[in-house]
Protein chains: 2
Amino acid sequence: MTPAPIIDALQYCNWSPEIFRQMREGGVTAVHVTICYHETFRETVANIAAWNRRFEEHRDKLLHARSGADVRQAQAEGRTAIIFGLQNCSPIEDDIGLVEICHQLGIRFMQLTYNNQSLLASGCYESEDSGITRMGREVIREMNRVGLVIDMSHSGERSTLEAIDSSARPIAVTHANPSFWHPGRRNKSNAVLKALTARHGMLGFSLYPHHLKDGSHCRMEDFCAMVARTAEMVGADHLGIGSDLCQNQPDSVVTWMRNGRWTRTPDFGEGSAAAAGFPAQPPWFRDNRDFHKIAEGLRAVGFSGTEVDGIMGANWLRFFDDSFVPSH
Amino acid sequence: MTPAPIIDALQYCNWSPEIFRQMREGGVTAVHVTICYHETFRETVANIAAWNRRFEEHRDKLLHARSGADVRQAQAEGRTAIIFGLQNCSPIEDDIGLVEICHQLGIRFMQLTYNNQSLLASGCYESEDSGITRMGREVIREMNRVGLVIDMSHSGERSTLEAIDSSARPIAVTHANPSFWHPGRRNKSNAVLKALTARHGMLGFSLYPHHLKDGSHCRMEDFCAMVARTAEMVGADHLGIGSDLCQNQPDSVVTWMRNGRWTRTPDFGEGSAAAAGFPAQPPWFRDNRDFHKIAEGLRAVGFSGTEVDGIMGANWLRFFDDSFVPSH
């Protein structure tokens, strides 16, 4: 029998042969990798070209996945499937035609916003959230048509609820935690979690310290108890992992994530002037070798084997099967 | 004594030698011309390059104006000063550094929005207006610094009021009419007109039929009476003309203005499926030769000679003097 897949629905590491080795060592079946925070279309294409070189150089370990079937093939061949995603809608610029082009280039997730107001929706750091815009409604329809998943991880509450409602297909929050556990700006309300999962949308639990209770000092037992409490509220079928792992990135990268090119006043996002860099990972989740610890932790808080398999990857794989193909 | 200038604060014609001849025939001192509706930075630069060719070919009639002094020079030399403006913030993309670059290229007006939500503010066609965004507040500060005028002609009510308040320098509504006269989506409330002019901002009255009572059949007497009523409310010192003349443009251009690249569902803006093209101009304002008729009409409704001179151009010229230079 094929073992259950391990799927991480968000990483943005400083990619290296070492990290790819760790993916294999950890038995990681698939990773959704970010290829854009603020990039234009052309800049995003350059990032894809860089990935094409990695696929060529590391063909023994990696495979560019465009479908659930590709993820299964990677697993059968002992490789890790890499799925492209955008944390911002900047690559489609103001051109709805670029939605399908992005899908053709193998991109499978796109956030409608990254913290700020976009042409499509409001980000979680805006003081006002006016919901999905005129262009946003058009783009959601087009994303539904081509099979590009709407990801609302960095969006405001109202925009997220409207995206869930207005999308004809299930959407995702690839990397965030419930705000009932840790009231971070990026974490999600019970209303969002219930609406998301009721429409068969997926939540990926984040392991980024700013999303964790007690930050870098968060205990794994607390994290797993939070997953259990979420499952009590919305069931376990639409839960997964989206670690938001930013391994080996210099602090200049988190400065880019927060500031892009939009401001002259430094923005510290979830950090502060005194702690502007990347926070340290909790010791029980350092890198791709540590997923098995989370699986053990989930069993320890009472999840069944099937439930653990679902959360660790099978739920995401089912979602990929349903979501990455064009609608009919 | 130098005669009073005639200044039109908005035109987007299908530029031709004929139109430049009409500008001279009509004694037009300066025209604020649109060089962008939806263009990216690079596309806008291409439009500037096209204007550079026009300045070269028509140097006897035209001059690229970057300041009030340039407008006075044009008048002294019997040429028409051309001032560049953007009807959208698309040329600065997501890059605040492009604000100063646009000013360096001679651009002097920028709308924060064109009908839709932008990265900076909400447009007048959005169902919700959440005001100035995080990036919008940064960009307003930068526009103030370099001397790029904020134009809110196509913005929503709340965004317009917030721009007036948050800008350290007077802003403009280069082309719109009061909604008390004609309640078009693009026309402005009394609250906006009062706040705008109280902060020394300028209103340019539009002669585009969708902004006129009775559209193409609007009578000049009614237009001039509306100007008089506006002056009773807010005084005559901050009023001017912004005709929105789109002479000789094919209907494909209004389709581009409304739809850009953002939608697959046709948008008819102020028009309709049954009347999707450009509306006919009222017979008393066909082109640049007809400004003298408006001056006569304003005298006929009781404006003094000084007031007419102000509205026909002197008010804009004073505003240019104050607005196009960097702040100190």
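**Figure 1. The contact between chain B and chain A in the predicted model.** Chain B contributes 30 residues to this contact, and chain A likewise contributes 30 residues. On the side of chain B that touches chain A, the greatest share comes from helix α5 of chain B (residues 134-146), which supplies four residues. Sorted by class, this side of chain B holds 14 polar, eleven charged and five nonpolar residues. Of the interface residues of chain B, 100% are interface residues in chain A as well, so the two copies meet through the same surface.

**Figure 2. The superposition of chain B on chain A.** Chain B is brought onto chain A by a rotation of 180 degrees, with 0.0 Å of shift along the axis and an RMSD of 0.0 Å. The two copies are therefore related as by a two-fold rotation axis.

**Figure 3. The fold of chain A as a whole.** Eleven helices and nine strands make up the secondary structure of chain A. Its radius of gyration is 18 Å, close to the 20 Å that the globule rule gives for 328 residues, so chain A is as compact as a globular protein of that length. The C-alpha trace of chain A spans about 45 × 40 × 40 Å along its principal axes. Of the 328 residues in this chain, 52% count as buried. When contacts in chain A between residues at least 6 apart in sequence are considered, 70% of them join residues at least 24 apart.

**Figure 4. Strand β2 of chain A and the strands with which it pairs.** Strand β2(A), residues 30-34, is mostly covered, with four of its five residues buried. Strand β1(A), residues 7-11, pairs with β2(A) in the parallel sense over three bridges. Within this pairing, Asp8(A) has Val31(A) of β2(A) as its bridge partner. Together, β1(A), helix α1(A) (residues 17-25) and β2(A) form a right-handed β-α-β unit. Strand β2(A) also pairs in the parallel sense with strand β4(A), residues 80-86, over five bridges. Here the bridge partner of His32(A) is Ile83(A), a residue of β4(A).

**Figure 5. The surroundings of Met202 in chain A.** Met202(A) belongs to strand β8(A), which covers residues 202-205. This residue counts as buried because it has 25 C-beta neighbours inside 10 Å, and the cut-off for a buried residue is 20 or more. Apart from neighbours within four places in sequence, Met202(A) is in contact with Ala172(A), His238(A), Gly240(A), Asn315(A), Trp316(A) and Phe319(A). Asp237(A) lies 35 residues away from Met202(A) along the chain, yet the C-alpha atoms of these two residues are separated by 8.5 Å.

**Figure 6. Two aspartates with a positive phi, Asp214(A) and Asp244(B).** Most residues other than glycine have a negative phi. Asp214(A), although not a glycine, has a positive phi of about 65 degrees. Asp214(A) lies in the loop between β8 and α8 (220-234) of chain A. With 12 C-beta neighbours inside 10 Å, Asp214(A) counts as exposed, since the cut-off for an exposed residue is 12 or fewer. Asp244(B) likewise has a positive phi, near 60 degrees. The loop that holds Asp244(B) runs between β9 (239-241) and α9 (251-259) of chain B. Asp244(B) counts as buried, because 25 C-beta neighbours lie inside 10 Å.

Notes: Residues are numbered from 1 along each chain as its sequence is written. Chains are lettered from A and ligands numbered from 1 in the order in which they are written. This is a predicted model: local features need pLDDT of at least 70, side-chain atom pairs count only at pLDDT 80 or more; totals for chains, interfaces and linings use all residues. Two residues are in contact if their C-beta atoms, placed from the backbone, lie within 7 Å. Helices (H or I, at least four residues) and strands (E, at least two) are DSSP runs, numbered from the N terminus. Ala, Val, Leu, Ile, Met, Phe, Trp, Tyr, Cys and Pro count as nonpolar, Asp, Glu, Lys and Arg as charged, and the others, Gly among them, as polar. Two strands pair if DSSP finds at least two bridges between them. A crossover is right-handed if, with the strands pointing away from the viewer, the path from the first strand over the helix to the second runs clockwise. Copies are superposed by least squares on the C-alpha atoms of residues with pLDDT of at least 70 in both. The radius of gyration is taken over C-alpha atoms; the globule rule is 2.2 Å times the number of residues to the power 0.38.
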